Amino acid sequence: MVDIKIKPLADRVLVQPDPAETKTESGIIIPDTAKEKPQKGTIIAVGQGKKNEPMILKEGNRVLYGKYSGTELKWEGEEYLIMRESDVIAII
């Protein structure tokens, strides 16, 4: 697991997105301009939750989220997303 010193607040989670695909299944290389933003990743850190709503998600969960969900964050050379727990669509 990644050791990071960012602690999300309330019902937010810190997600490390999976890398974008660089090749198709048939072996065609995808140029940077045509790469799609990944929609799955791993939860790195979770907040405490809201007063009457405990967090369902936990560190290490693999999740799916919406294409435009969260706020992009670059920390120590790594790309992360901070989003609300409700922005996560599913645990995989």
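I will start with Ile 92, which sits in the segment after strand E6 (88–91). Strands, labelled E, are DSSP runs of at least two residues, and helices, labelled H or I, are DSSP runs of at least four, numbered from the N terminus.

Before going on, two remarks on the source. This is a predicted model, in which local features need pLDDT of at least 70 and side-chain atom pairs count only at pLDDT 80 or more, while totals for chains, interfaces and linings use all residues. Residues are numbered from 1 along each chain as its sequence is written, and side-chain values use heavy atoms, with hydrogens and water left out.

Is Ile 92 buried or exposed? Ile 92 counts as exposed because its relative accessibility is 52%. The cut-offs are under 20% relative accessible area for buried, over 50% for exposed, and partly exposed in between, with a 1.4 Å probe and protein chains only.

Now the salt bridges. A salt bridge is a side-chain nitrogen of Lys or Arg within 4 Å of a carboxyl oxygen of Asp or Glu. The structure has four of them. One of these joins Lys 50 and Asp 11, at 3.9 Å from N to O. Lys 50 lies in the loop between E2 and strand E3 (62–65), and Asp 11 in the segment before strand E1 (12–17), 39 residues apart. Asp 11 is buried, because its relative accessibility is 8%, whereas Lys 50, at 43%, is partly exposed.

Asp 11 also forms a salt bridge with Arg 84, at 2.7 Å from N to O. Here the partners are 73 residues apart, with Arg 84 in strand E5 (residues 78–84). Arg 84 has 34% relative accessibility, so it counts as partly exposed.

Which residue forms a salt bridge with Asp 18? That is Arg 62, with the closest N and O atoms 2.8 Å apart. Asp 18 is in the loop between E1 and E2, Arg 62 is in strand E3, and 44 residues separate them. Asp 18 is buried at 16% relative accessible area, and Arg 62 is partly exposed at 29%.

Both residues turn up again around Thr 42. Thr 42 belongs to strand E2 (residues 40–46) and is buried, because its relative accessibility is 18%. Beyond its neighbours within four places in sequence, Thr 42 has contacts (heavy atoms within 4.5 Å) with residues including Leu 14, Asp 18, Gly 60 and Arg 62.
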